[in-house]
Amino acid sequence: MIPISVVVCVLGGWCAIYLADTLLKSSNSLKASYEDWLLTYGLSISPFHMRWQTALFNRQFYNWGRWKPRFLYLWFSIGMVFGIVAMFGSVILLGKTLMQTLSQMLTEAPKAQNDRMLQVVVPGVNLPVSQLTYFFSAILISGVIHEIGHGVAAIREQVRFNGFGIFIFIIYPGAFVDLFTTHLQLISPVQQLRIFCAGVWHNFVLGVASFMGLFLLPAILFPFYSTGLGALVTEVAEDSPANGPRGLFVGDLVTNLQDCPVYSVEDWNSCLGDISEKSQVGYCLSAATLQQLSFPARVYRRLDGTVECCSNNSLTDICFSYSNNLDSQLYACLPARKVIEASKVCRTNTDCQKDFVPSFCVTPSLENQTRLIRVKHPPHIDMLYVGHPMHLQYTVERHGLLRPKMKCAQCNDLQSLSSFVPRQNFLSIDLPVVIETFCKYLISLSGALAVINAVPCFALDGQWILNSFLEATLSSLIVEKQNRELVGFLILLAGSALLAANVALGLWMVTAR
């Protein structure tokens with residue numbers, strides 16, 4: 001959850017700002033000078049909302065808007081088509097997401113929520129606090145690119161551009177442009193569409209550009225970083241299950257999980273998924289070694305039906321099961337490391353028959369879903385992990401938004417992995433992870449901003465896209481403008497209800513369940 005101290009600081013900060021603003025505006029001696037100061041710097045303050053507007057960038061916007069008119073006409077015409085398609089697509093997507101949410105609410109054991117394309121993000125709940133810098137930076141950049149699209153398109157269509165600004169709502173940053181409303185109302189509906197669709201179009205382009213940057217990142221960083229060598233550990237936290245004298249350390253390169261080779265972080269995830277889905281592998285052990293290592297132990301069944309034959313206090317021994325030639329199941333308490341080291345992986349006794357030496361396939365007898373995993377990170381001694389494979393995946397993972405089934409603040413990164421290995425010792429092992437993570441946030445948040453703004457909903461771009469679209473297409477079918485406005489109002493009402501239902505139920509799914 002969000003730390004109470006952070007909540008107190010945010011609420012206390014806004015209360016202090018609003019109180020100071022109210023006192024200064026009510027002071028007879030300071031009111032005039034304070035309001036002049038706000039006007040000079042383009043500042044305005046209201047409860048939980050602060051905005052700054054300036055004309056400093058007007059010349060740059062006009063330069064962009066007058067650059068290669070034919071190209072800009074084609075660019076924003078493509079954006080207009082995309083915006084109209086996105087408006088209809090966003091309604092379908094929200095409808096599908098709402099049905100998935102309702103289905104999960106009616107299920108006693110809901111599936112993981114990350115199969116939904118849209119999900120409400122609450123910092124500290126399903127967004128780790130350690131990721132807030134990426135989150136807010138990506139939101140701000142996505143918002144700025146969005147508004148640049150509106151501004152440049154407006155200048156291209158001969159609409160007066162008054163200024164650009166940035167705002168903060170509670171803790172969320174954003175941007176806006178100020179356009180001359182009278183000019184907007186005088187141009188044709190098609191021209192209006194080019195302006196209103198430019199924002200979502202630029203968000204889509206930003207998402208595609210970020211995806212291409214992410215895809216080409218290995219080639220871009222090739223002179224400085226190698227890939228395909230393994231999964232590089234970039235961070236280890238104290239409370240990680242992989243921490244310890246024989247655990248993982250910063251700079252270790254994981255090359256194998258059991259007999260599954262690891263060449264990248266994607267391979268790490270894939271191998272852990274396979275280990276989780278398949279039954280526990282065994283290890284070949286000769287009959288002589290088995291007799292030498294095993295010692296008498298009491299055999300008993302756990303509550304889940306599995307068998308234990310070692311003392312609960314043992315940190316090095318594990319109960320192994322095997323079958324003899326009579327097909328009877330036997331159990332032996334053995335030192336795990338001695339059994340696994342230099343042993344061949346097996347599934348049955350047949351896999352261990354070699355040179356007529358009597359051997360058995362001994363398999364760890366662990367609780368359901370628990371696995372014994374051998375993690376190779378040469379030149380260090382292998383790490384032996386006992387637990388649920390997905391827990392190792394949760395706690396040893398890349399920084400980033402796109403984590404498999406990662407939906408809780410308690411699942412913060414205890415380790416971080418990277419597929420990029422520095423070619424020189426002085427190069428940072430964190431830089432590729434930072435770039436990779438930021439690209440993922442840009443893809444996710446810029447795409448989400450495009451989808452949400454395209455929804456035909458009050459106060460969003462979708463409202464103006466819908467109104468202009470109806471004026472451009474229905475003016476010959478519905479002659480009375482009042483009737484067209486009524487149709488638009490009903491559609492906006494339905495779109496607003498659809499978006500509100502998704503947000504409300506999404507928040508409930510994230511915070512209450």
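Modeller: Ser-496 touches Pro-456, Cys-457 and Phe-458, leaving out residues up to four places away in sequence. The model is a predicted one.

Colleague: Is Ser-496 buried or exposed?

Modeller: Ser-496 sits in helix H15, which covers residues 481-511. A residue counts as buried under 20% relative accessible area. The value for Ser-496 is 15%, so Ser-496 is buried.

Colleague: Which residues does Ser-328 contact, apart from its neighbours within four places in sequence?

Modeller: Ser-328 is in the loop between strand S13 (317-323) and strand S14 (329-335). Its relative accessibility is 29%, so it counts as partly exposed. Leaving those neighbours aside, the residues in contact with Ser-328 are Tyr-322 and Ser-323.

Colleague: Where does Ala-459 lie, and is it buried or exposed?

Modeller: Ala-459 is in the loop between helix H13 (431-454) and H14. Its phi is positive, about 75 degrees, although it is not a glycine. Exposed means over 50% relative accessible area. Ala-459 has 70%, so it is exposed.

Colleague: Gln-258 also has a phi to look at; is Gln-258 buried or exposed?

Modeller: Gln-258 lies in the loop between strand S8 (256-257) and strand S9 (260-261). It is a residue other than glycine with a positive phi, near 60 degrees. Its relative accessible area is 7%, and under 20% means buried, so Gln-258 is buried.

Colleague: What is the omega of the peptide bond from Pro-378 to Pro-379?

Modeller: Pro-379 lies in the loop between strand S17 (371-376) and strand S18 (383-387). The bond leading from Pro-378 to Pro-379 is cis, and its omega is near 10 degrees.

Colleague: Which elements give two or more residues to the largest nonpolar core?

Modeller: This core has 30 residues, and those touching the most other members are Phe-61, Val-159, Phe-161, Leu-179, Leu-184, Leu-193 and Ile-195. The elements that supply two or more residues are helix H4 (69-105), helix H5 (132-156), strand S3 (161-169), strand S4 (172-179), helix H7 (189-215) and helix H14 (461-473).

Colleague: Which residues does Val-159 touch, not counting those up to four places away in sequence?

Modeller: Val-159 is among the residues that touch the most other members of the largest core. With residues up to four places away left out, Val-159 touches Ala-154, Leu-179, Phe-180, His-183, Leu-184, Ile-187 and Ile-195.

Colleague: How many residues are in the second core?

Modeller: The second core is separate, and its members include Leu-257, Cys-271, Leu-272 and Ile-275. Its size is 20 residues.

Colleague: Turning to the whole chain, why is it called more spread out than a compact globule?

Modeller: The chain has 15 helices and 20 strands. For 513 residues the globule rule gives 24 Å. The radius of gyration is well over that, so the chain is more spread out than a compact globule, at 30 Å.

Colleague: How far apart do the centres of the positive and negative side chains lie?

Modeller: There are 35 positive and 34 negative side chains in the chain. The centres of the two sets are apart by 5 Å.

Conventions. Residues are numbered from 1 along each chain as its sequence is written. This is a predicted model: local features need pLDDT of at least 70, side-chain atom pairs count only at pLDDT 80 or more; totals for chains, interfaces and linings use all residues. Side-chain values use heavy atoms; hydrogens and water are left out. Helices (H or I, at least four residues) and strands (E, at least two) are DSSP runs, numbered from the N terminus. The radius of gyration is taken over C-alpha atoms; the globule rule is 2.2 Å times the number of residues to the power 0.38. Lys and Arg count as positive and Asp and Glu as negative; His and the chain ends are not counted. The place of a charge is taken as NZ of Lys, CZ of Arg, CG of Asp or CD of Glu. A nonpolar core is a set of buried Ala, Val, Leu, Ile, Met, Phe, Trp, Tyr and Cys residues joined through side-chain atoms within 4.5 Å. Buried means under 20% relative accessible area, exposed over 50%, partly exposed in between (1.4 Å probe, protein chains only). Contact means heavy atoms within 4.5 Å.
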